[in-house]
Amino acid sequence: MKEKGLLIVLSGPSGVGKGTVRKAIFSHEDTNFEYSISMTTRKPREGEVDGVDYFFKSRDEFEALIKQDKLLEYAEYVGNYYGTPIDYVKETLNSGKDVFLEIEVQGAKQVREKFPEGLFIFLAPPSLMELQSRIVTRGTESDELINNRMKEARKEIEMMNLYDYVVENDQVEAACDRIKAIVLAEHCKTSRIAPRYKKMLEVE
Ligand SMILES: Nc1ncnc2c1ncn2[C@@H]1O[C@H](COP(=O)(O)OP(=O)(O)OP(=O)(O)O)[C@@H](O)[C@H]1O
Ligand SMILES: Nc1nc2c(ncn2[C@@H]2O[C@H](COP(=O)(O)O)[C@@H](O)[C@H]2O)c(=O)[nH]1
C-alpha cells in the first residue's frame with residue numbers, strides 16, 4: 001500500500017508572517033509540499049487571485065459547503081468564514097504527498113481531532129509590538145480590523161501550547177529553515193523517507 005503523506009499545519013496570529021514564510025518555503029527547490037488553498041468569505045485584497053490565494057465564496061456558498069461536509073475544518077474569524085476543502089487534502093495525502101495548511105487556531109484544533117498524526121507548528125512573533133507593526137505596515141486592514149485581529153492574536157498566542165512546535169519568525173529565511181528541519185525530523189520519526197530524498201534516489 002502507498003505510504004500516506006504528512007499533514008503539516010502552520011498557525012499563528014494574523015500578521016506574524018505565515019503567508020510570507022510559506023511562500024518562501026515553497027520557493028525553495030527542495031520543497032515538496034502541496035499547498036491546500038482555503039475557502040473564504042473575505043473579500044479579495046488587492047492583488048489576490050481566486051483559486052491561487054483563496055477560493056473566494058459568498059456566505060451562502062460557504063454555508064452550503066459546510067452542510068455538504070465538504071470542509072475538513074472551518075472557523076469564523078473576525079467576521080468571515082475560512083475553511084479547508086476536505087477532498088483535496090485527503091486525495092493528496094493518499095497519493096503520498098505532504099499537504100501544507102496555513103490556518104488559524106480554531107481550525108487547527110479541529111484538524112488535530114481528525115488527524116492526530118499531523119504535524120502542528122505555531123509561528124510566533126518576536127513581540128506583540130512587532131506583530132502590530134507588521135499588520136500596520138502590510139496596509140491591508142482598517143484600524144478597526146487591526147484592533148480586532150490584535151485581540152484575536154492574544155488569544156491565539158495563549159493557545160500555542162496545543163502545538164507540537166513553536167517557531168519564532170524573527171527572520172523569514174531562519175523561520176523557513178527551522179520549519180523544514182522540523183518536517184524532516186518528523187519524516188524520520190514516522191519512518192518515512194522525505195520526498196526530497198526519494199527523488200534523489202530516483203535520479204541518481
Ligand atoms: N520575519 C519578518 N520580519 C519582518 N517583516 C515580516 C517578517 N515576516 C513577514 N513580515 C511582514 O509582515 C507582514 C505580514 O506578513 P503576512 O501577510 O505573511 O502575515 P500572515 O501571518 O500571513 O497574516 P494573515 O494571517 O493576516 O494572513 C507582511 O508585510 C510581511 O512582509
Ligand atoms: N480555520 C482556517 N483559517 C484559515 C484558513 N485559511 C486562512 N485562515 C486563517 O485566517 C486568518 C485570516 O486570514 P487573512 O487571509 O484574512 O489574513 C489567518 O490566520 C489565516 O491563516 C482556513 O482554511 N481555515
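Biologist: In what sense do β5 and β6 pair, and over how many bridges?

Modeller: This is a predicted model, and in it β5 and β6 run antiparallel to one another, joined over six bridges.

Biologist: What makes β4 and β5 edge strands?

Modeller: The open sheet consists of four strands in the order β4-β3-β6-β5, with mixed pairing. β4 (55-56) and β5 each pair on one side only, and they are the edge strands of that sheet.

Biologist: Why is V78 called partly exposed?

Modeller: V78 has 15 other C-beta atoms within 10 Å. A buried residue needs 20 or more and an exposed one has 12 or fewer, so V78, with 15, is partly exposed. V78 lies in the loop between β5 and β6, and its phi is positive, near 45 degrees, although V78 is a residue other than glycine.

Biologist: Why does D69 count as exposed?

Modeller: D69 has 8 C-beta neighbours inside 10 Å, and because the limit for an exposed residue is 12 or fewer, D69 falls in that class. D69 is found in the loop between α2 (59-67) and β5, and D69, which is not a glycine, also has a positive phi, of about 60 degrees.

Biologist: Where is A185 placed, and why is A185 called partly exposed?

Modeller: A185 belongs to helix α7, which covers residues 172-189. There are 13 other C-beta atoms within 10 Å of A185, a value between the limits of 12 and 20, and therefore A185 is partly exposed. The C-alpha atom of A185 is separated by 36 Å from that of G139, a residue 46 positions away along the chain.

Biologist: Which residues come nearest to ligand 1, and which elements contribute to its shell?

Modeller: There are 14 residues around ligand 1, of which S14, G17, G19, T20 and R134 come nearest. The elements giving two or more residues to this shell are α1 (18-27) and α5 (128-138). By class, the shell has two nonpolar, nine polar and three charged residues.

Biologist: What surrounds ligand 2?

Modeller: Ligand 2 is surrounded by 15 residues, and the closest are S38, Y82, I103, E104 and G107. At least two residues of the shell come from each of β5 (71-77), β6 (80-85) and α4 (105-114). The shell is made up of four nonpolar, six polar and five charged residues.

Biologist: How do you know that the radius of gyration of the chain agrees with that of a compact globule?

Modeller: For 204 residues a compact globule would have a radius of gyration near 17 Å, and because the chain has 17 Å, the two agree. The C-alpha atoms fill a box of roughly 55 × 40 × 30 Å along the principal axes, and buried residues make up 31% of the chain.

Biologist: What does the UniProt record say about residues 5-184?

Modeller: According to the unreviewed UniProt entry, residues 5-184 carry the annotation "domain: Guanylate kinase-like". Over residues 5-184 the chain is 43% helix and 22% strand, with the end C-alpha atoms 13 Å apart.

Note on methods
Residues are numbered from 1 along each chain as its sequence is written. Chains are lettered from A and ligands numbered from 1 in the order in which they are written. This is a predicted model: local features need pLDDT of at least 70, side-chain atom pairs count only at pLDDT 80 or more; totals for chains, interfaces and linings use all residues. A residue is near a molecule or strand if its C-beta atom, placed from the backbone, lies within 6 Å of it. Ala, Val, Leu, Ile, Met, Phe, Trp, Tyr, Cys and Pro count as nonpolar, Asp, Glu, Lys and Arg as charged, and the others, Gly among them, as polar. UniProt positions are given in the numbering used here, feature names are shortened, and annotations may be inferred rather than shown by experiment. The radius of gyration is taken over C-alpha atoms; the globule rule is 2.2 Å times the number of residues to the power 0.38. Two strands pair if DSSP finds at least two bridges between them.
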